[in-house]
Amino acid sequence: MKLGHALALAKKDWKRVFREPAFLFLLILFPIMLTVAFGTSFGALGGSQTTQFKIGIVALGGNSSAPSQLSHDLSASGAFAVTDYADNRSAQSALSQGQLQALILLPAGFEQSVQSFRAHMSDPREWTNSTISIYLDKGSPVTAQVIPPMLVQVLDQGVLGIKSAAQSTPLSISSPSDVEVQGTSVFQSFAPGLFAFASIYMIMIVAQSYTTDRETGVLGRIMVTPTTSADIVMGSALSYLVVALFQALLVYACVYALGYHPDAGMGGLAAGFLIIMVFALCNIGFGLITAAVSKSAGAATGISFIFLMPQLFLGTFVGSALSPTAQEAGRFLPAYYVTDALTSLWTRGASVTSPVVMTDLVAVVLSSVAILAVGALIFRRMASR
Amino acid sequence: MQREEAQAAVAISIDNLTVEYGPVRAVDGLTLAIPTAEVFGLLGPNGSGKTTTINCLTGLLRPTKGTVRVLGLDAQSDGQEARKVLGVSPQETAVYPYLTGEENVRLFGELYSVPKKVLGARIDYVLEKVGLLDEAKRRVSKYSGGMKRRVSIAMALVTDPKVVLLDEPTVGMDPQARRAVWDFILELRDEGKAIMLTTHYMEEAEELCDEVGIIDHGRLIELGAPGDLRTKYQARDLEDVFIRLTGRRIREGA
């Protein structure tokens with residue numbers, strides 16, 4: 001394999017993307033239009049409601065009677081699936097990886113506050129005040145609106161045993177603003193999926209590109225130069241990786257301008273972009289496979305939907321609105337892991353080394369390398385047809 | 001190098017070449033030896049096996065039987081090395097419409113690893129020879145059919161190849177452009193290159209070719225210099241010879 005040959009072919013592909021209107025539209029303009037359309041349409045709260053929220057409880061003062069009763073009452077309400085955690089760190093990790101939609105941190109003085117209230121219900125001077133902290137999954141905007149008031153209701157009616165919402169108590173709940181939920185919208189949860197959504201169309205472009213080159217004879221012409229199939233595939237990979245980076249940066253700029261501000265440091269941002277780039281390799285592989293089985297550029301457009309549609313519906317932001325069965329089916333698709341990783345890294349603030357992100361990264365890398373390898377092998381046969 | 005000196009070596013050697021597509025025998029036991037510093041015309045009706053023969057020479061097609069060598073290199077087993085000495089202009093125009101003429105030629109120079117310091121001058125040289133230097137910065141999508149064909153020839157010749165294969169090189173060209181390409185081909189021959197071309201224009205073959213081979217149904221049915229064939233068949237021109245050998249029935253196919 002010669003890098004010089006691959007670079008020469010990559011330069012040719014870059015020019016094609018920016019000079020051919022259909023390519024420019026699908027790879028660059030369409031993702032921007034899509035992002036802006038979704039950003040303006042779903043900038044406010046909306047979408048489907050979750051019927052049972054996954055929450056975690058950490059009792060910093062130990063699991064005495066009041067924390068245990070709260071945990072029981074929340075479970076009994078039917079609105080929550082409660083998990084008790086022994087320490088804050090493991091609970092925060094679960095939240096950042098999307099295993100929880102909210103985390104309730106009961107302070108060390110929680111038991112004492114409840115006991116003081118029960119003993120001197122009408123005498124606030126005898127109360128021991130304490131504050132309950134709530135951390136919410138920013139990737140699930142509905143939780144910010146629903147969980148705090150529901151918690152207050154269960155706490156008041158159960159642990160504290162009061163009927164009137166006007167009754168003051170020694171317990172306060174940290175403002176949702178502490179966890180940056182103000183302005184949270186459905187768009188915030190959609191935003192990570194837009195990156196995979198935009199990249200998927202590369203399948204169609206790569207397939208059209210190769211079938212057109214085959215129809216016009218330029219692919220056969222390149223095959224009679226000292227250029228190998230490996231050079232050609234490498235050239236495609238180089239060119240479309242650059243296109244994918246450019247595309248991702250544009251989508252990022254759009255979602256940022258529309259209010260999605262990733263909760264990630266440089267490491268998290270870099271890891272996110274890396275995953276998007278690896279996913280581009282997967283799409284190039286699907287494109288090569290499509291080109292190999294298509295007799296014309298028109299057929300390639302149609303056949304590319306076989307790879308495009310499942311990923312579009314099950315692996316991007318669309319998937320979050322689908323049935324649990326459909327969501328499980330999404331786990332067989334690389335796009336699912338891209339969206340999940342970006343949601344964990346950028347929306348939930350999970351660390352790059354967290355198990356969920358690592359699992360997603362491994363899934364994307366393995367599937368992308370395998371699909372690209374299959375595409376390259378099939379391409380060798382196609383190119384010599 | 002003088003033409004007579006260069007003609008000593010065999011540039012293209014085809015020995016008992018047979019290509020079958022299922023039950024159809026596209027090329028049937030073709031044997032040819034084309035020396036350097038010669039323009040050889042491979043003539044034949046549509047579907048006679050001309051392009052199949054060229055595809056075997058480029059290594060794009062594997063022969064069912066027989067061998068094909070370019071400057072002693074087997075087109076199959078030494079394919080990578082053989083391709084380095086070949087310049088090929090295929091039957092289809094085969095150019096990138098979204099690139100300029102200059103970019104198309106440069107791409108092929110880079111794919112043949114032509115050194116950067118000589119590539120620019122080489123691109124200008126071949127584009128000037130095919131009369132496109134002034135149009136080099138325009139995208140090929142804006143070119144006429146004849147201009148695209150000339151770019152295709154420039155792409156084949158940018159590497160200064162020792163052996164040149166031109167499959168119907170002047171289709172769609174106006175008389176001036178055709179004359180310029182003819183002059184260029186003869187210049188290449190005089191430099192010692194071996195050129196094999198296919199054409200349906202018999203006057204082109206008479207003007208350019210030192211020797212022609214007429215094939216039909218994949219078989220070589222006549223071989224010789226155009227003048228010798230005219231004399232042999234007492235024909236007024238090569239087209240007359242061609243019609244006598246291949247008949248008047250219209251053929252279809254590639």
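Predicted model: local features only at pLDDT ≥ 70, side-chain atom pairs only at ≥ 80, totals over all residues.
**A first tour**

User: What happens just after α10(A)?
Analyst: Gly259(A) takes a positive phi there, about 110°.

User: OK, zooming out. How many helices and strands does chain A have?
Analyst: Its secondary structure comes to 15 helices and five strands. Chain A has 385 residues, and 49% of them count as buried.

User: And what domains does the assignment give for chain A?
Analyst: Domain 1 is made of 3-43 plus 185-383, and domain 2 is 53-179. The C-alpha centres of these two domains of chain A lie 42 Å apart.

User: What about contacts within chain A: what share join residues at least 24 apart?
Analyst: That's 81%, counted among contacts between residues at least 6 apart in sequence.

User: Now strands. How do β1 and β2 of chain A run?
Analyst: They run parallel, with six bridges joining β1(A), residues 53-59, to β2(A), residues 80-85. As one example of the pairing, Lys54(A) has Ala81(A) in β2(A) as its bridge partner.

User: Which helix goes with those two strands, and what's the handedness of the unit?
Analyst: Helix α3 of chain A, residues 65-76. Together with β1(A) and β2(A), α3(A) makes a right-handed β-α-β unit.

User: One more in chain A. Where is Arg348(A)?
Analyst: Arg348(A) is in the loop between α14 (334-347) and α15 (355-383) of chain A.

User: Buried or exposed, and why?
Analyst: Arg348(A) counts as buried because it has 24 C-beta neighbours inside 10 Å, and the cut-off for buried is 20 or more.

User: How far is Arg348(A) from Pro31(A)?
Analyst: Their C-alpha atoms are separated by 23 Å, while along the chain the two residues are 317 apart.

User: Switching to chain B. In what order do the strands of its open sheet come?
Analyst: The order is β2-β1-β4-β5, four strands with antiparallel pairing. The edges are β2 (24-35) and β5 (73-74) of chain B, each pairing on one side only.

User: How many bridges join β1 and β4 of chain B?
Analyst: Five, between β1(B) at residues 10-21 and β4(B) at residues 65-70. In that pairing, Ile12(B) stands opposite Val70(B) in β4(B).

User: Which helix packs on that sheet?
Analyst: Helix α2 of chain B, residues 50-57, which touches β1, β2 and β4 of chain B. The direction of α2(B) makes about 115° with that of β1(B).

User: And β6 of chain B, which residues are on its two sides?
Analyst: Strand β6(B), residues 86-89, has Leu86(B) and Val88(B) on one side, with Gly87(B) and Ser89(B) on the other. These four are all buried, so both faces of β6(B) are covered.

User: In what sense does β6(B) pair with β7(B)?
Analyst: In the parallel sense, over four bridges, with β7(B) at residues 163-167. There, Val88(B) stands opposite Leu165(B) in β7(B).

Notes:
Residues numbered from 1 in each chain as written. Chains lettered and ligands numbered in written order. Domains from an automatic or database assignment. Buried ≥ 20, exposed ≤ 12 C-beta atoms within 10 Å, placed from the backbone. Pairing = 2+ DSSP bridges. Right-handed = clockwise from strand over helix to strand, strands pointing away. Contact = placed C-beta atoms within 7 Å. Axes fitted to C-alpha atoms, helices over the stretch in contact; angles between N-to-C directions.
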